[in-house]
Amino acid sequence: MKLIQTLSFAIFGIILSVFFAACGDSNSASTDQHEHFEAEGWNLYWGDWQLAYSVYRGKADSSIEVMHVNANCMSEHIHVKFLDDNKKEVEPPTDDEHSLAWDIADEKILDVHSCGSWGFHLKGVKEGETTLILKVNHHDHADARTPAIRVVVDKALDAEECPFHEHHHDDDDEDEDHDHDHEHHDHEHEHEHED
């Protein structure tokens, strides 16, 4: 009798372990299909690859923590790069499940226009100051986000006085130029670190 009970428990244990193993495999496959994008920081660059804003593990670079745009004007293209654990730049997600999104504290002062998958323009609405939070959206939640970035909208300019004219640029060509220029930009930085 004891032998039968022991065998029954052993068989029951095997069935349970197989069941949980199968569930584990299923969950890991699901996780792979909906992988989260992790970033320790963000670098935002103006069109000429001058750093516009940088934050790493919640601490912004205090020398460039404010972004500017004139009211009635569009800023130049701002390109987004992400930082890993070692503060090294990594490429943004390439799948369709992740996208750039933002929250603006006061939309009467500032607007944001998407430019390519991982770029944008600031649009000054009226003179003042507000904050912008950038996010990597993944389904119904954000995988990563910036702290609140201060944006100052300076005095309004007539359209012909705006430093950047939107109609002079094609977003697709611009993105390709940015990526090419950024490779050169990274190469220069590598040489700086070697010295």
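Two strands count as paired here if DSSP finds at least two bridges between them. With that in hand, let's walk through this predicted model, beginning with a hairpin.

**The hairpin of strands 8 and 9**

Strand 8 (residues 110-114) and strand 9 (residues 119-124) run antiparallel and are joined by 5 bridges. One of the residue pairs to look for is aspartate 111 with lysine 123, its bridge partner in strand 9. The hairpin has 4 residues between the strands, and glycine 116 takes a positive phi near 75 degrees there.

You will find asparagine 72 in the loop that links strand 4 (66-70) with strand 5 (78-83). Lysine 87 is another non-glycine residue with a positive phi, and its loop lies between strand 5 and strand 6 (89-90).

| Residue | Phi | Relative accessible area |
|---|---|---|
| Lysine 87 | about 65 degrees | 53% |

Lysine 87 counts as exposed because its relative accessible area of 53% is over the 50% cut-off.

**A histidine in strand 10**

Is histidine 138 buried or exposed? Histidine 138 belongs to strand 10 (residues 128-138), and it is buried because its relative accessibility of 1% is under the 20% cut-off. Which side chain does the side chain of histidine 138 contact? That partner is the side chain of aspartate 143, in a polar contact of 3.2 Å.

Notes. Residues are numbered from 1 along each chain as its sequence is written. This is a predicted model: local features need pLDDT of at least 70, side-chain atom pairs count only at pLDDT 80 or more; totals for chains, interfaces and linings use all residues. Side-chain values use heavy atoms; hydrogens and water are left out. Helices (H or I, at least four residues) and strands (E, at least two) are DSSP runs, numbered from the N terminus. Buried means under 20% relative accessible area, exposed over 50%, partly exposed in between (1.4 Å probe, protein chains only). A polar contact is a pair of N or O atoms within 3.5 Å; within protein, one must be able to donate a hydrogen and the other to accept it, and residues adjacent in sequence count only if both atoms are side-chain atoms.
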